[in-house]
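Please read the points below with the model open beside them.

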Amino acid sequence: MIPRTLYNQDHEAFRDAARRFIEGEIVPHHARWEEQGHVDREIWNKAGAAGLLCTSMPEQYGGAGVDLLYSAVYMEEQARVGATGVGFFLHSEIVAPYILHHGSDYLKSTYLPKMATGEMVGAIAMTEPGAGSDLQGIKTSAVRDGDDYILNGSKTFITNGWLSDLVIVVAKTDPTAGSKGISLFVVDTTMPGFSKGKRLHKMGMSAQDTSELFFDNVRVPARNLLGEEGRGFYYLMKELPWERLQIAVTGIAAAQAALDWTIAYTKERKAFGKCIGDFQTVAHKLAEMKTEIAVGQVFVDRCLELMNAGKLDAETASMAKYNISDLQFSVMDRCVQLFGGYGYMHEYPIARAWADARVQRIYGGTNEIMKELISRTL
């Protein structure tokens, strides 16, 4: 394998700490969390106490002030064990950056320290029942009323929605202005008129709480407007490359884990008097996957270097998101086949990883949308 030069000794020391936390506090409980449909709320407080939340946030807001590669290290370690239920990435590296990059001093000082400790769980509400990748098609509205905005509408498929304490809500402040009529609001879930719908029962990622959210004349103070009115779409486009790269980071790490599990299985499972890994047809499939993952890892690492330097563009991030998520599912599918009947049993990690992987090609913008974005640059 090509040696990875992305991380230094400090990153690897953080990896050891992250691995100990994941193996001690997450892995033993994950099966139970899958049954109940969400993780225990206390895991967020434990992660905050361990310094694993909002690590890239400045120290003045409770973060560690380190580079984005520390977050990538944690993503890899959680993906390595198939722990898809804990929504730390979205909280720390999607929701928090929106507030840090576009929020007022009031919003940053009010919410970021509580996110860093796990006192508040963050979510972002973009998708609606009638609007997915096409954000300009949203119907949720925010109408100015004195010192407040009156928020009405509904959202669905919201990760961390059930446990959320604050939600960044995408809403229309000017329905006639297209993308220039979209604004973002930081909504405290204790605000009157806000309610959470049912937890959604998904095909995979069963421990990750995903829910519907409803806004019925929610009075949101104008100071909770994120950035400027009408600039929401611009902010979304600016932050999406990092979100999409995170999907690639977890995807390639999960694919490598699946391959490792499968290699170990094929060395133990026997058929016709020998290990199935000794059959050429099996060995060649493993060789194909090893090669594809190695190639993908080099591309992801280069994207991480660019992202850490503030140079990753939307086109390249879209390439990483669609290509690696496609590869991830392809690897999972082939690994399930090599496990045979056991690969279809839920108690085997590969079966759960196969189901978990399918959504990677959908959220963060479907892979069809990624190709459309890339094609515009041709």
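1. A salt bridge here is a side-chain nitrogen of Lys or Arg within 4 Å of a carboxyl oxygen of Asp or Glu. By that rule Arg19 and Glu77 pair through their side chains, with an N to O distance of 2.6 Å. Arg19 belongs to helix H1 and Glu77 to helix H3 (residues 68-80), so this pair ties together parts that are 58 residues apart in sequence. The structure holds 21 salt bridges. Helices (H or I, at least four residues) and strands (E, at least two) are DSSP runs, numbered from the N terminus.

2. On the source: this is a predicted model, in which local features need pLDDT of at least 70 and side-chain atom pairs count only at pLDDT 80 or more, while totals for chains, interfaces and linings use all residues. Residues are numbered from 1 along each chain as its sequence is written, and side-chain values use heavy atoms, with hydrogens and water left out.

3. The domain assignment, whose bounds come from an automatic or database source, gives domain 1 (9-121), domain 2 (123-229) and domain 3 (233-376). Contact (heavy atoms within 4.5 Å) between domain 1 and domain 2 takes 28 residues from domain 1 and 25 residues from domain 2. Taken over C-alpha atoms, the centres of domain 1 and domain 2 are 22 Å apart.

4. How much area is buried between domain 1 and domain 2? The value is about 2,300 Å², with carbon and sulfur atoms giving 66%. Buried area is the accessible area (1.4 Å probe) that two parts lose on being put together, summed over both.

5. Between domain 1 and domain 2 the count is 1 salt bridge. Asp165 forms a salt bridge with Arg41, and their closest N and O atoms are 3.2 Å apart. On the side of domain 1 that touches domain 2, the elements giving two or more residues are helix H1 (9-36), helix H4 (88-102) and helix H5 (105-117). H4 supplies the largest share of that side, 7 residues.

6. The annotation "domain: Acyl-CoA dehydrogenase/oxidase C-terminal" covers residues 230-377, where the chain is 74% helix and 3% strand.

Definitions and conventions
UniProt positions renumbered as here; feature names shortened; annotations may be inferred.
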